[in-house]
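Me: I have this model open and want to learn how to read it feature by feature. Can we go through it together?

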There are 2 protein chains.
Amino acid sequence: VTNTIDWADGPDGPAVVIVDQTLLPHSEELVRLGSVAELVAAIQRLAVRGAPALGVAGALGVALAARTSADPGADVAVLRAARPTAVNLARGVDRAAAKLAEGPDAVLAEALAVRDEDIACSTSMGRYGAELVTELLGPAPRLLTHCNAGALACVTGGTALGVVTTLHAAGRLGAVIASETRPLLQGARLTAWELQRAGVPFRLAVDGAGPFLMARGEVDAVILGADRICANGDVVNKVGSYAHALGAARAGIPFLVVAPESTVDMGTKSGADVEIEDRDGAEIVGSVAPAGTPTVNPAFDVTPHDLVTAIVTDRRVVRLDRGETLAGVALGEVRG
Amino acid sequence: VTNTIDWADGPDGPAVVIVDQTLLPHSEELVRLGSVAELVAAIQRLAVRGAPALGVAGALGVALAARTSADPGADVAVLRAARPTAVNLARGVDRAAAKLAEGPDAVLAEALAVRDEDIACSTSMGRYGAELVTELLGPAPRLLTHCNAGALACVTGGTALGVVTTLHAAGRLGAVIASETRPLLQGARLTAWELQRAGVPFRLAVDGAGPFLMARGEVDAVILGADRICANGDVVNKVGSYAHALGAARAGIPFLVVAPESTVDMGTKSGADVEIEDRDGAEIVGSVAPAGTPTVNPAFDVTPHDLVTAIVTDRRVVRLDRGETLAGVALGEVRG
């Protein structure tokens with residue numbers, strides 16, 4: 001299995017190599033990004049996306065700047081601001097940039113550490129999350145997920161989808177409903193592709209059907225990733241997540257958020273303090289709506305903490321439904 | 001303005017004529033349906049859709065059967081079952097079919113009465129609804145609507161969108177957010193087209209954004225149509241409506257349902273008793289998801305009555321939020 005994002009250093013010079021997610025599921029192509037400008041463009045057109053993967057992209061991008069750029073400081077600033085909502089991008093940039101004074105090799109070593117930690121995080125989240133799901137829902141849970149929180153959102157493995165594949169491998173999964181995730185259809189294009197390749201039984205549904213499928217008794221829990229988790233437990237994630245959370249609360253089923261500690265932002269008090277990226281209306285209008293149709297296109301939404309049952313990271317499970325808080329639950333070990 | 005559906009009787013023989021809604025917004029074409037088989041096919045591929053329009057289609061279809069069919073009874077049965085969820089289709093069929101014994105002219109007269117009543121209903125709903133919206137929200141309400149509840153869902157005018165255009169004409173509308181309505185995008189294709197032609201200020205959003213836009217304070221009320229309203233006030237409407245209702249309840253804004261009395265089905269106790277049409281997965285998968293992706297594709301959902309603020313018909317306003325019931329509120333006049 002190819003890593004979603006990685007470092008390459010060969011005769012053509014240094015580069016960040018990504019699986020171009022805009023071409024999936026019809027074509028699986030690696031793209032070599034030899035400059036920070038190319039990497040920023042790839043981030044902005046979502047050729048690489050997902051909070052953990054963006055963290056790695058940020059770190060590797062700084063390593064690329066250190067090797068190739070005449071003005072690494074300026075490149076780093078542009079990269080850091082390429083997308084505003086997920087905290088991981090800025091964090092990955094900052095970690096690697098802190099080594100700039102020590103030279104390109106030190107920067108690269110730090111960036112590769114970010115990459116390797118992400119791989120370890122996925123494994124650990126899969127273990128913590130699978131245990132929680134089994135404890136809450138027994139041996140054959142039917143889970144609904146939104147957007148893509150799989151290997152394609154990380155280096156490999158996944159956050160929420162890592163839990164799904166861990167459960168599947170252990171014979172402890174019922175089935176999955178993947179929400180298609182308009183406007184860019186990461187659920188239909190990426191999650192369906194990953195689930196199909198993993199042999200996980202699943203069905204695809206439109207986003208608007210989620211709460212109704214929960215009400216009809218076809219879903220035992222919602223499980224999804226996060227782009228930023230605020231200090232009070234508010235979860236910023238792909239637009240449509242909040243609607244699923246409302247559906248889960250009404251149906252009385254758990255709403256589970258799976259993300260690495262690098263997504264937890266104790267410096268941001270609540271969801272109201274997060275800049276929500278508004279993206280180009282062409283994503284919605286496409287060739288379907290009348291020409292000139294105006295849009296409102298927030299890429300993310302905020303799920304208030306009272307709708308979140310638990311937050312699962314690579315180092316702990318925080319049971320918000322039991323009154324636990326991010327500030328109050330100590331970090332545990334990263335599990336291999 | 002052309003009627004969405006109408007009767008034509010010329011040198012080519014009798015026919016039901018519709019605006020083919022699958023071609024909008026790019027092409028506005030009238031299609032002549034000279035047999036019940038053609039009409040049924042048009043209904044099933046949603047070339048004509050919307051509960052009130054389906055009622056008229058049912059009635060005109062029986063008139064067509066009476067003129068053209070060797071076995072009108074069999075044709076009527078097929079037509080009646082063409083789509084299961086909206087009560088209007090079966091009701092329109094039944095009204096016209098009750099005249100079959102009196103001959104084709106009597107059937108046609110009844111079918112044209114159904115058509116004319118639908119036109120009058122739209123005007124009346126617009127008046128009742130606009131008054132309610134102004135009363136609840138003042139002179140510049142920002143409304144979110146889902147699917148298409150406009151002229152294209154009726155003969156002309158509209159249900160929820162009729163209220164919107166009535167408000168706009170009176171200078172008492174702020175703006176509209178149209179929810180795109182996957183999988184068939186009636187919001188993006190049809191509602192956007194109608195609002196643009198009417199000069200109503202609007203923006204298009206993905207379905208999953210609705211509840212978040214409400215939480216963010218960009219919506220003062222949700223207003224939409226219905227395919228069937230049950231005796232207890234449960235509302236069956238296009239899938240995604242329930243998610244918007246949950247969003248409205250959480251945001252503390254009204255959720256308003258506008259539909260003619262012919263959509264009220266006192267013979268069906270609650271939403272649990274309604275057959276929800278499951279449609280072909282190809283509508284979701286399209287060319288986007290991997291080949292062979294399985295789906296779950298309910299075309300409608302159920303909004304429980306406790307989430308409904310008011311039901312507006314052509315003859316009354318039933319304030320569920322004040323404890324009023326469909327059984328308890330008397331019919332008023334149809335307002336011209």
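Me: Is B:Leu185 buried or exposed?

Reply: Buried means under 20% relative accessible area, exposed means over 50%, and partly exposed is in between (1.4 Å probe, protein chains only). B:Leu185 has a relative accessible area of 11%, so it is buried. Before we go on: this is a predicted model, where local features need pLDDT of at least 70, side-chain atom pairs count only at pLDDT 80 or more, and totals for chains, interfaces and linings use all residues. Residues are numbered from 1 along each chain as its sequence is written, chains are lettered from A and ligands numbered from 1 in the order in which they are written, and side-chain values use heavy atoms, leaving out hydrogens and water.

Me: What kind of peptide bond joins A:Leu24 and A:Pro25?

Reply: A cis one, with omega about 5°. A:Pro25 is in the loop between β2 (13-19) and β3 (30-33) of chain A. In chain B, the bond joining B:Leu24 and B:Pro25 is cis too, with omega about 5°.

Me: Which residues of helix α4 of chain A are buried?

Reply: An α-helix has 3.6 residues a turn, so residues three or four places apart point the same way. In α4 (residues 87-97), the buried ones include A:Leu89, A:Gly92, A:Val93 and A:Ala96. The buried residues of α4(A) pack against several elements of chain A, among them α1 (36-44), α2 (51-68) and α5 (104-137). Take A:Ala96, which is buried at 0% relative accessibility: it touches A:Ala59, A:Val62, A:Val107 and A:Glu110, not counting residues up to four places away in sequence. Contact here means heavy atoms within 4.5 Å. A:Val107 sits in α5 and is buried as well, at 0%. From A:Val107 to A:Ala66 there are 41 residues in sequence and 7.3 Å in space, C-alpha to C-alpha.

Me: Where does the charged end of A:Arg335 sit?

Reply: A charge sits over a ring if NZ of Lys or CZ of Arg is within 6 Å of the ring centre and within 35 degrees of the ring normal. Here the charged end of A:Arg335 is over the ring of A:Tyr128, 4.9 Å from its centre, while B:Arg335 lies over the face of B:Tyr128 at 4.8 Å.

Me: What rotation superposes chain A on chain B?

Reply: Two copies of a chain are related by a rotation about an axis and a shift along it. For this pair the rotation is 180°, with 0.0 Å of shift and an RMSD of 0.0 Å, using least squares on the C-alpha atoms of residues with pLDDT of at least 70 in both. That's the relation of a two-fold axis. The same surface serves both copies, as 100% of the contact residues of chain A recur in chain B.

Conventions: Helices (H or I, at least four residues) and strands (E, at least two) are DSSP runs, numbered from the N terminus.
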